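The sequence and the structure are shown first.

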Amino acid sequence: MPPTRIDVESADRTYPVFVAPGLVRDLARWLAEAGVGERRFVVSSPTVWAHHGDAVAAALPGAEPLLVPDGERAKNHRTLSRIYEWLIESGADRGSTVIAVGGGVIGDTVGFAAASYLRGVDLVQVPTTLLAQVDSAVGGKVGVNHPLGKNLIGAFHPPVAVIADTTLIETLPRRELRAGLYEVVKYGVIASRQLFDRIVTDLPKIFACEADVLWTIVAASCRIKADIVGADEREGDRRRVLNYGHTAGHALEAVTRYRRLRHGEAVAYGMLVAARLGVGRGLLDTQDQAALAELIGRMGPLPSVTDLPGGDVLDAMQRDKKVVAGRLHMVLPKGLGDTVIVDDVTPKEIRLALRSIGVR
Ligand SMILES: NC(=O)c1ccc[n+]([C@@H]2O[C@H](COP(=O)([O-])OP(=O)(O)OC[C@H]3O[C@@H](n4cnc5c(N)ncnc54)[C@H](O)[C@@H]3O)[C@@H](O)[C@H]2O)c1
Ligand SMILES: [Zn+2]
């Protein structure tokens, strides 16, 4: 079966996202299909390379990779410098292509290196986590953290191709798989009841990494993200729906100092909070709210947040970058598969909604 091909429209060109099990075996072919030149510089991490380096190396003979650490703590200027140094020493030029093989941290960091090296060289994303396949590798946002805040230094640098081999996900620790799956649930809630129902029905198959099911949900997610960012690359109205679950989610991550929750886990809580707000406003019926809560419950336990003071979480929400002219914009579900953006949620409503996830 040929891979699913999704064409993403970006400001100055359109790039393909290929999704299918086993794509890495024919990596050279898909790179050629996307018009990628022969001078290639592969960057990955020791963890990813230990699992999949042989397969990538077999598909791209002669490509000697640079391995840099991943994980949120490595998404910084030091890692970036190592990548620049290696590119300079290896003689990478304007016609070279940098290939990021890894999760969202590798994709964002290597992507920013590609965006800035020689004022920008071509980038290919080969995402290896579920989160990276459905989210970070698509859309063109790249960047690193600054000691003063997450993702503060970055750029728009759309890749020339994304090659999402869904079998790479099989080696992910269960918690990482779930962290990515919460973002897939998000796509269902904001844009596709069918995708939501599919996750409900096929959850055991997803956890068993059944090839067809992973293929289906990754392709469906990429299609939704491509649709949204294609219409609105730089975060005007349309792209904002992707922030469903992220206002409270980011606040919970910040209040717990990015140590307790995986990003996706925070988004799971955030989706529940926004759903509670939606119910309060008569946008979402309690049956759909219960379906979402039940699915998130079935996916596994979330780290507890019952010790967090509601006032701190509320403050962090109001500091979020989605506050425009002093008003907190929130994406609320309108049924399952549609959303509305509101800018008039009151602190009282938020405190009430936070209580529904156990925040004091
Ligand atoms: N650019 C965007 O639009 C965008 C969107 C969402 C998230 N992000 C960013 O993505 C990052 C999170 O990405 P992530 O969740 O992929 O984290 P990550 O890159 O840190 O990967 C998580 C862990 O999984 C390991 N890993 C990766 N692939 C593996 C595999 N196939 N088998 C086994 N282990 C594997 C990694 O070594 C790491 O320990 C955050 O920094 C976030 O800001 C960016
Ligand atoms: Zn997210």
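The protein contains 13 helices and 13 strands. The model is a predicted one. Its 360 residues have a radius of gyration of 20 Å, which agrees with the value near 21 Å that a compact globule would have. Taken along the principal axes, the box filled by the C-alpha atoms is roughly 60 × 45 × 35 Å. Of the 360 residues, 50% are buried.

**The seven-stranded sheet**

Seven strands form an open sheet with mixed pairing, in the order S1-S2-S9-S6-S5-S3-S4. Strand S1 (4–9) and strand S4 (66–67) stand at its edges; each has a single partner strand, so one side of each lacks a neighbour in the sheet.

Strand S5 (residues 97–102) belongs to this sheet, and its two pairings are listed below.

| Strand pair | Sense | Bridges | Example of bridge partners |
|---|---|---|---|
| S3 (residues 40–44) and S5 | parallel | five bridges | Val 42 and Ile 99 |
| S5 and S6 (residues 122–127) | parallel | six bridges | Thr 97 and Asp 122 |

From S5 the chain passes through H4 to S6, and this β-α-β crossover is right-handed.

Why is strand S5 described as largely enclosed by the rest of the structure? Six of its six residues are buried, so the remainder of the structure largely encloses the strand. In a regular strand, side chains alternate between the two faces of the sheet. In S5, Thr 97, Ile 99 and Val 101 point one way, while Val 98, Ala 100 and Gly 102 point the other way, and all are buried.

**Surroundings of ligand 1**

The shell around ligand 1 comprises 29 residues, of which the closest are Thr 47, Gly 103, Gly 104, Thr 129 and Ser 136. The elements that contribute two or more residues to this shell are helix H2 (46–59), helix H4 (104–116), helix H5 (130–136) and helix H6 (174–191). Helix H4 is also the helix through which the chain crosses from S5 to S6.

By residue class, the shell around ligand 1 consists of eight nonpolar, 14 polar and seven charged residues. Domain 1 (4–171) and domain 2 (175–355) each supply at least three residues to the shell.

**Two individual residues**

Val 138 lies in the loop between H5 and strand S7 (141–146). The C-alpha atom of Val 138 is separated by 9.8 Å from that of Tyr 15, although the two residues are 123 residues apart along the chain.

Lys 348 is part of helix H13 (residues 347–355).

Notes
Residues are numbered from 1 along each chain as its sequence is written. Chains are lettered from A and ligands numbered from 1 in the order in which they are written. This is a predicted model: local features need pLDDT of at least 70, side-chain atom pairs count only at pLDDT 80 or more; totals for chains, interfaces and linings use all residues. A residue is near a molecule or strand if its C-beta atom, placed from the backbone, lies within 6 Å of it. Helices (H or I, at least four residues) and strands (E, at least two) are DSSP runs, numbered from the N terminus. Ala, Val, Leu, Ile, Met, Phe, Trp, Tyr, Cys and Pro count as nonpolar, Asp, Glu, Lys and Arg as charged, and the others, Gly among them, as polar. Domain bounds come from an automatic or database domain assignment. A residue is buried if 20 or more other C-beta atoms lie within 10 Å of its own, exposed if 12 or fewer, and partly exposed in between; C-beta atoms are placed from the backbone. Two strands pair if DSSP finds at least two bridges between them. A crossover is right-handed if, with the strands pointing away from the viewer, the path from the first strand over the helix to the second runs clockwise. The radius of gyration is taken over C-alpha atoms; the globule rule is 2.2 Å times the number of residues to the power 0.38.
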